[in-house]
Structure formats: C-alpha cells, structure tokens
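Notes follow, in the order I looked things up.

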Amino acid sequence: MVCFCFLVDQRRRVRRSKPVAGSCSRCGCGASVADMRTDSRLCCIPVYCKSWKAIICTFCGAILKSYR
C-alpha cells in the first residue's frame, strides 16, 4: 500500500518584534529582532510548528540572520 502525502503550505509569522541597532544590507532601512513562528501543513492538516528568533528588515521583510 502506498500513501502519498505532500506539503500544502508553510507560513512564517512574526509574533513579537523590537528595534535593534543597525540597518538592512539590501535596502538600507532599519532592522528589528523578532520572535518568528513557522507553521507547516501536510495534506491540509497542521502537523509542525517551530518557534525561532530572527533579525528582519522592517521595510522589505528580508531575514538578515536567524537563530534556530
């Protein structure tokens, strides 16, 4: 018997953020340190949640550095 399961989507959400000294290397705007959460769904069922910290740009949203 074969069962196929596929990744439907993966969402990254910012839970909290606060400003940090420095600027984005891509656009030059300010950066902030944020508590991130990644939610993964397989076959429309949420199966995996992961929390981590990242330094993100406040303007373009680029992840500059992540702490997993």
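I started with the contacts of Asp35, taking contact as heavy atoms within 4.5 Å. Leaving aside neighbours within four places in sequence, I found Asp35 touching Arg13, Val14, Arg15, Arg16, Trp52 and Lys53. Asp35 sits in strand β2, residues 30-42; strands here are DSSP runs of E with at least two residues, numbered from the N terminus. Asp35 counts as buried because its relative accessibility is 15% (buried is under 20% relative accessible area, exposed over 50%, partly exposed in between, with a 1.4 Å probe and protein chains only).

Housekeeping, before I forget: this is a predicted model, where local features need pLDDT of at least 70 and side-chain atom pairs count only at pLDDT 80 or more, while totals for chains, interfaces and linings use all residues. Residues are numbered from 1 along each chain as its sequence is written, and side-chain values use heavy atoms, with hydrogens and water left out.

Next, strand pairing, which takes at least two DSSP bridges between two strands. I see β2 and β3 running antiparallel, joined by twelve bridges. In that pairing, Asp39 has Cys49 of β3 opposite. On to β4, residues 63-67: β3 pairs with β4 over four bridges, again in the antiparallel sense. Two pairs I noted there: Ala54 is bridged to Ser66 of β4, and Ile56 faces Ile63 of β4. β3 and β4 make a hairpin with five residues between them, and Gly61 in the turn has a positive phi of about 80 degrees.

Which residues make up the largest nonpolar core? I get five: Ala34, Met36, Trp52, Ala54 and Ile56. β2 and β3 each give at least two residues to this core, and the largest share, three residues, is from β3. (A nonpolar core is a set of buried Ala, Val, Leu, Ile, Met, Phe, Trp, Tyr and Cys joined through side-chain atoms within 4.5 Å.)

Beyond four places in sequence, Ala54 contacts Ser32, Val33, Ala34, Met36, Ile63, Lys65 and Ser66.

Last, the surface. Leu42, Ile45, Val47 and Tyr48 form a nonpolar patch of about 370 Å². Strand β3, residues 45-57, gives the largest share of the patch, three residues, and Val47 lies in β3. Patch residues have over 30% relative accessible area and no salt bridge, with nonpolar side chains (Val, Leu, Ile, Met, Phe, Trp, Tyr) joined within 5 Å and like charges within 9 Å. Areas are Shrake-Rupley with a 1.4 Å probe, only the protein chains shown counting as cover for residues; a salt bridge is a Lys or Arg side-chain nitrogen within 4 Å of an Asp or Glu carboxyl oxygen.
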